[in-house]
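Dear colleague,

Please find the structure below, followed by a summary of what was found in it. I would be grateful if you could read the two together.

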Amino acid sequence: MKLIARGAEAVILLDEGEIIKKRIKKDYRIPQIDLKLRKNRTKREARLLSLARQNGIPTPFVRDVIPEEFTLRISYIEGEKLRNIVEKLKNIKEIFHEVGNLAGKMHSGNIIHGDLTTSNMILSKGRIYLIDFGLGEVNESIEAKGTDILVFKKSVCSTHFEYEEEILDAFFRGYQESFPSGSRVIERLKLMERRGRYFSER
């Protein structure tokens with residue numbers, strides 16, 4: 001068993017070709033609340049991964065869920081995180097058009113990722129996989145979808161600013177093509193950005 005990553009919410013291990021995600025205890029939380037939160041978030045992430053696949057979004061397969069141990073066992077996707085290879089991509093517009101297409105399909109199913117960044121996207125054999133739905137939820141609101149897209153846009157502007165225009169243009173085209181209400185979400189995104197600028201300037 002090999003440690004892959006240790007985050008604020010969980011440790012990620014590789015075990016015989018599968019990923020084990022185990023949510024860790026938070027000492028600052030009341031123990032009963034901590035247990036309930038970790039158990040519920042483990043079950044919710046498993047549901048979201050499966051629901052996303054049903055909506056045509058490539059995600060890891062859920063192999064096992066053990067809520068009492070706050071553990072999720074999923075298939076290992078061999079590939080590269082988009083965050084690490086953007087500058088090497090020769091087909092950057094094509095890749096991010098597909099990312100937008102997947103985000104649109106996800107939102108069509110009212111699935112909110114919660115941390116839609118290139119760190120949670122894996123390119124494997126020409127296919128994009130979305131991973132880590134740990135902060136996700138099912139939510140029909142335009143505001144929630146706008147927030148999801150705002151997270152993506154901010155991450156692109158801060159991490160991949162040299163390619164910002166190409167990435168966002170391709171992403172938004174793909175998003176609107178796969179999501180009939182995509183234009184409404186983009187309008188809400190613009191409103192959210194205006195609100196953010198207003199409060200930051202006060």
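**Helix packing**

The axes of helix H3 (residues 92-108) and helix H4 (residues 142-159) come within 11 Å of each other, crossing at roughly 160°. H3 is therefore roughly antiparallel to H4, and their crossing is right-handed. Helix H5 (residues 164-178) packs against H3 with the axes 6 Å apart and at an angle of about 40°. H3 is therefore oblique to H5; the crossing of this pair is right-handed. H4 and H5 have axes that come within 10 Å and cross at roughly 155°, so that H4 is roughly antiparallel to H5, again with a right-handed crossing.

As to terms, axes are lines fitted to C-alpha atoms, for helices over the stretch in contact, and angles run from 0 to 180 degrees between N-to-C directions. Angles under 35 degrees count as roughly parallel, over 145 as roughly antiparallel, 65 to 115 as roughly perpendicular, and the rest as oblique. A crossing is right-handed if the near helix is turned clockwise from the far one by less than a right angle, and left-handed if anticlockwise. Helices (H or I, at least four residues) and strands (E, at least two) are DSSP runs numbered from the N terminus.

This is a predicted model, in which local features need pLDDT of at least 70 and side-chain atom pairs count only at pLDDT 80 or more, while totals for chains, interfaces and linings use all residues. Residues are numbered from 1 along each chain as its sequence is written, and side-chain values use heavy atoms, with hydrogens and water left out.

Yours sincerely
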